[in-house]
Amino acid sequence: MAPKAEFDSEDVAAIVEDLKGLEGPLLPILHAVQDRFGHVPDEAVRVIAHRLNLTRAEVYGVVSFYHDYHREPHGAHTLKVCRAEACQAAGGDAIADRIEKALGIKFGETTADGRVTLEAVYCLGLCATAPSAMLDDRLFGRLNAAKADRLTAEAQL
Amino acid sequence: MTTRIFIPLDSFAVANGADELCDELTHLAARRGLDIEIVRNGSRGMAWLEPLVEVETHQGRIGYGPIEPGEMEALLDAGLMNGGAHAKCIGDPEEHPFMKGQTRLTFKRCGVTDPLSLDDYEAHGGLIGLKRAIEMGGAGVVDEVTESGLRGRGGAGFPTGIKWKTVREAAGERKYIVANADEGDSGTFADRMIMEGDPFCLIEGMAIAAVATGATKGYIYLRSEYPVAIRVMREAIRRATAAGVLGVSMMGSAQAFDIEVRVGAGAYVCGEETSLLDSLEGKRGQVRFKPPLPAIKGLFGRPTVINNVISLASTPEILAKGAKFYKDFGMGRSRGTIPLQIAGNVRHGGLFEVAFGLTLGEIVEGIAGGTDTGKPIRAVQVGGPLGAYFPRALFDTPFDYEAFAEKNGLIGHAGIVIFDEDVDMKKQARFAFEFCAIESCGKCTPCRIGAVRGLETMDKVIGGENVSGNLELVEDLCNTMQFGSLCALGGFTPYPVMSAIRHFPEDFEGTPMRVAAE
Ligand SMILES: Cc1cc2nc3c(=O)[nH]c(=O)nc-3n(C[C@H](O)[C@H](O)[C@H](O)COP(=O)(O)O)c2cc1C
Ligand code: SF4
Ligand code: FES
C-alpha cells in the first residue's frame, strides 16, 4: 500500500473543491481524505465543514457514525479479520485468536511499533471459502493456522 | 492460434491465489513461447473449486480446480493448453453436477464471459431486454415486471413491479434508481458475484428500471469491503458510457441515464433502504421513519427506486424472455429463480441458482454435500445475521418466502450458513445480540439498549448464573425488540436468538425450557 501523505490542509481543500460538485459529496470526500492521509484528522474536519457550509459537529457526527473512518492514525497496515457467522462456522474464532496472539494485540488495537492495526470485519463476501481476512486491499480465504501465520508475518513487514 | 485461458477475477478466486496464478502463467508462457490470452472471467459459483482455471479447446472448455499458487507449471506440463489429464481436471464445467442441477437465468453469463467485454455481453444475450424495454415504453415495462412475479431479493420480498409503478406515477422532475449493493449479511455473495462476473447485467437492469420510471440518474451503493467489485463495476460503467448504452441518450433513446458507484463506509445498517439514502446524501446512516416511502420521497426528497442488486439484475432476462417465462419457475407466491448462497462449514459451497421450492435438507445435504469437516450438520442459519437457526427437524421446509415465515424464519437474501455438531448455540445467540449492539444506528431504544442488555444477559447464561431467570429476561427483551424497533435490525435480532433457544434447548444448560415447550 502506498505510504500515507503528511497532513496538508491545502490538499484537503483541493479534495473538497474537486468533489463538492457531487450530489451528497461528504462520504466521497471523507474517503478521499482518509485514503490520502490514513485517517481523518480534526483539522481536515474543520476544512471540510468550512468549505461545505456545514458545522464541525455535523461532520464529526458523520465521521464517528461509520466504522471505516477514524480520527487517529492507524498502523501502516490494517488487517481485517472476518468475525461473522459463516467464518465462525468454519473455525474462524480459533484463527482470530491465533492472529491476536501472533500480533500481541487485541481487535481494535495497533501494534506498539505502529506496523499493524487489527480490526474485526463482518463479512467479506467470501463465506464459501471461509475463514476470511483482508490485509489492506488484499483478500485472503480458507485461512488455516499456517496461512494465518504467514498473513501476520506479512502484515508486520 | 492463440489459446484462451480463463482465470477468474472473482474475489473467491483472488482470495485464494488467482492473481498469483496469472503472474505464474504469464511468466511461464513467455519462457515457453506459448501463444495465450488470459481472460479474467467471473466465478461460476463453485467456490470450493476456486481458483478454477479453464482452457478453451476444440472440444469446448475444460476446467481445473482448485489450482493453488505454485501449481501452474505442473498444470502446463500436464497439457493444460490442450485440456490434458490432471488430478484436478473437472472436464467441461457446465457438465459438472453442481451446474447441471441449476436454472441459470440471472447468472447465465457469470463465469462464462469476459465481464468487461460488452461484445461478449451482447453475444450472450445481453441488452436484448433493455432494447425491448425501450420499445415497450415505461408502462409496458412495469406491467411485464409486475406480471413476472419478481419480488425484492434484498430481504423483504416486496413486489418489484409495484415499487416501480409507484415511482413511475410519482410526480418529479428528477428521479433516481438506487442499487442496494451493501450486501452485509454473513453467508451472502450473490451481489458481489454478479458485479464482478457480469457487471453489465446490473447496468442493464438499472437502465430498464430507468425506462420504467423515467429516472435519469442511478447510484450503486457498494460496500467498501468489496474492493474487486468496486473496481470492476466502475470500469464497466465507463465502458457502457463510452459505448452509448448509458449517457445523454441511453441506447439511442430520448432518455438520459447515467450511473455512479458510491462506496459505503462499513455500516451494516446502511443496507436498510432509508439509512442507505441518508448515507448517500452524506449524513449519518440512520433509519428514517416511514412514510414517506422512498418511492415517493427518496433520495434528496425525490422519487426513488431502491432495489437489491439481484432484483435489478433479474430484470434483463425477464424483459428478454417475457414475464411468463420467468413466472413459470418457482412455487406459491415465490416466482422465478433464487441464487442460493451456501456457506460456512460446507463441502461444496458456492452459488446455486434454482427455482424456489427445494427443501432446506435437499440444499444443505444434497447439493452442498454436508459439512467440510465431515461431521453431521446440526444447525443452518438462513437469511443472514437476522435469520433464524434451523435444526434438522425443519429440513423439510421448502425454500419459499411464506414457508420460511411460517417456521418463524426468513429467507432474506438467501444466504445459507451451515454449522456442524460442534456449534455452541449459546454462543450464536450471544453473537446475534453482540452484532446488533455493534451495528445499531441508535435511533430507537429497544434496539440500542436492548441489544446491549441482551448481550450482558446472555453472558450470564453462559456463565451459568440464574440460567432460567436470565433466559426469561432474554425472551422479554426479544419481545420488546421485536415489537418496538423501527427497523429489522432491532426487530429481527430475536429470530436468531429465540430460534437458538427453542430449537437447541440442550445447549442452554438443560434448564426446564419454558420457552422451548411452545
Ligand atoms: C438492517 C438491514 C440491513 C439490510 N441490508 C440490505 C442489504 O445489504 N442489501 C439489500 O438489498 N437490502 C438490505 N436490506 C433491505 C432493504 O431495506 C430493502 O428492503 C431492499 O433494499 C429493497 O430492495 P428489494 O425490494 O429489491 O429487495 C436491509 C434491511 C435492514 C433492516
Ligand atoms: S432498530 Fe436499531 S438499527 Fe433499526 S432504527 Fe432502531 S436503532 Fe436503528
Ligand atoms: S462471514 Fe466471513 S466472509 Fe462472510
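Helices (H or I, at least four residues) and strands (E, at least two) are DSSP runs, numbered from the N terminus. The model is predicted, so local features need pLDDT of at least 70, side-chain atom pairs count only at pLDDT 80 or more, and totals for chains, interfaces and linings use all residues. Residues are numbered from 1 along each chain as its sequence is written, chains are lettered from A and ligands numbered from 1 in the order in which they are written, and side-chain values use heavy atoms, with hydrogens and water left out.

**Stop 1: around Cys82(A).** Cys82(A) is buried, at a relative accessible area of 4% (buried means under 20%, exposed over 50%, partly exposed in between; 1.4 Å probe, protein chains only). Show its contacts, meaning heavy atoms within 4.5 Å. Leaving out residues up to four places away in sequence, they include Cys87(A), Cys123(A) and Ser132(A).

**Stop 2: the annotated set.** Now select Cys82(A), Cys87(A), Cys123(A) and Cys127(A), where an unreviewed UniProt entry places the feature "binding site". They span 46 residues of sequence, yet cluster in space, with a largest C-alpha distance of 9.4 Å. UniProt positions follow the numbering used here, feature names are shortened, and annotations may be inferred rather than shown by experiment.

**Stop 3: across to chain B.** Pick Cys127(A), in the loop between strand 2 (116–121) and strand 3 (133–135) of chain A. Cys127(A) is buried too, with a relative accessible area of 3%. Which residues does Cys127(A) touch, not counting those up to four places away in sequence? Among them are Ala86(A), Phe12(B), Ser186(B), Phe189(B) and Gly344(B).

**Stop 4: ligand 1.** Jump to ligand 1 and show the 18 residues around it (a heavy atom within 4 Å). Gly154(B), Asn180(B), Asn307(B), Asn308(B) and Ser311(B) come nearest. Next, look for polar contacts, here pairs of N or O atoms within 3.5 Å. A polar side-chain atom of Asn307(B) is 2.8 Å from an oxygen atom of ligand 1. A side-chain N or O atom of Asn308(B) also lies 2.8 Å from an oxygen atom of the ligand. The protein covers 91% of the 610 Å² of accessible area that ligand 1 has on its own (Shrake-Rupley method, 1.4 Å probe).

**Stop 5: the shell.** Colour strand 9 (304–308) and helix 20 (488–492) of chain B, the elements that give two or more residues to the shell. Strand 9 gives the most, with three residues.

Key: Polar contact = N/O pair within 3.5 Å; in protein donor to acceptor, adjacent residues only side chain to side chain.
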